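I opened the notebook with two topics to look up.

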Amino acid sequence: MMDISCGDRAPILGALYHAPGSIARHDAVAWGYGRGADQRGVEIHQQTEVTGIEVQSDRITGVETSQGKISTPRVLCAVAGFTPRLLEMVGLRSPITIHPLQAMVSEPMKPWLDPIIVSGSLHVYVSQTARGELVMGASLDPYELHSTRSTLEFTEGLAAHMLELFPFLSQVKVVRQWAGMADMTPDFAPIMGKTPIQGFYLDAGWGTWGFKATPVCGKTMAYTVARDRNHTLIEEFGIDRFTQYALVGEKGAASVGH
Amino acid sequence: MKQLTCPINGTRSIAEFIYGGELRPMPDPQSVDDSIWAAYVFHRDGAPGVKREWWCHSPSNTWFIAERHTVTDEILRTYLYGEEA
């Protein structure tokens with residue numbers, strides 16, 4: 001029998017169970033998309049930096065890269081944590097700010113954790129991989145930073161909260177930690193679709209959303225670029241929603257304090 | 001441990017401080033149009049570089065300005081609002 005009073009120190013008053021919740025290998029998904037695109041004739045230029053975007057009379061005319069210039073009337077910008085730098089190149093302003101999102105991994109251990117556990121009050125999410133490692137994350141770093149550095153403050157804070165949930169992990173070692181740059185919007189919803197620059201399309205502001213919306217983003221953004229008209233599914237996510245005070249009441253954001 | 005210097009209380013652990021966002025001059029609410037006001041409310045200078053930001057030393061509730069590089073996280077200087085040398 002489970003002791004949910006926790007010695008009356010922090011009794012469990014309630015919880016949510018999401019039966020279809022599951023884990024997928026995001027790296028495998030990304031590589032799958034990369035291979036699929038390559039097989040269909042898409043050129044992927046690695047190690048190529050965008051150094052400028054040409055705009056004439058509020059129209060896209062080309063992209064400058066470290067490997068040379070590309071002439072084009074259309075650009076889709078889907079660069080996550082680098083979005084503000086690219087928006088500056090075309091002279092657009094947005095509410096996006098960049099915060100690091102950190103995570104860490106424990107040494108492998110025997111399987112004991114099948115579901116994914118999220119605590120909104122402790123700002124913890126944790127799951128166990130097929131290799132036995134615990135993958136753990138917390139909330140965003142508390143201030144803006146365009147960097148993927150790791151911090152001891154994060155490791156200490158997350159480890160302390162993990163031990164509140166699972167004291168038996170006190171001897172477990174952390175083997176790896178890392179960070180990514182999350183592009184955050186004020187309403188935690190993405191910014192998608194056409195922009196005031198003709199031919200410049202944006203798919204940004206996904207912040208801490210992970211990769212699960214990628215397939216429908218691809219479909220709706222391909223529709224939008226091909227027809228130069230926002231797909232009906234993404235109409236509410238336009239960059240003009242801020243100047244129109246029409247923010248999205250986001251109901252799908254993760255239950256941790258992102 | 002990263003540290004930040006409060007103009008009143010000196011150099012303290014970053015854990016004692018709250019980030020208050022970039023310093024944004026407020027346009028006159030009586031005379032601006034809706035688009036300029038919306039830009040003030042929502043838009044941020046999101047590109048990386050040296051920024052002037054509000055920070056608060058939480059135990060003493062001291063709000064002040066820090067000039068910080070948002071790529072290197074280097075804090076160039078801190079001072080009370082209006083007391084920039």
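Predicted model: local features only at pLDDT ≥ 70, side-chain atom pairs only at ≥ 80, totals over all residues.

I then checked the pairing. Strand 10 (residues 191–194) of chain A runs antiparallel to strand 11 of chain A, over four bridges. Strand 4 (residues 75–77) of chain A pairs with strand 11 of chain A in the parallel sense, over three bridges.

Is strand 11 of chain A buried or exposed? Five of the five residues, 200–204, are buried, so the strand is largely enclosed by the rest of the structure. I sorted the side chains by direction. Phe200(A), Leu202(A) and Ala204(A) point one way, Tyr201(A) and Asp203(A) the other. In a regular strand, side chains alternate between the two faces of the sheet.

Next I turned to the contact between chains. Chain A gives 22 residues and chain B gives 22 residues. The two chains bury about 1900 Å² between them, 59% of it on carbon and sulfur atoms. In chain B, Tyr19(B), Phe42(B) and His43(B) lose the most area to chain A, together 31% of what that side buries.

I looked for charge pairs and found one salt bridge between the chains. Glu144(A) forms a salt bridge with Lys51(B), with the closest N and O atoms 2.7 Å apart. Ten residue pairs are in polar contact across the interface. Helix 1 of chain B gives the largest share of its side, four residues.

Conventions. Residues numbered from 1 in each chain as written. Chains lettered and ligands numbered in written order. Heavy atoms only, no water. Buried < 20%, exposed > 50% of the residue type's maximum accessible area, 1.4 Å probe, protein only. Helix = DSSP H or I, 4+ residues; strand = E, 2+ residues; numbered from the N terminus. Pairing = 2+ DSSP bridges. Contact = heavy atoms within 4.5 Å. Buried area = accessible area lost by both parts, 1.4 Å probe. Salt bridge = Lys/Arg side-chain N within 4 Å of Asp/Glu carboxyl O. Polar contact = N/O pair within 3.5 Å; in protein donor to acceptor, adjacent residues only side chain to side chain.
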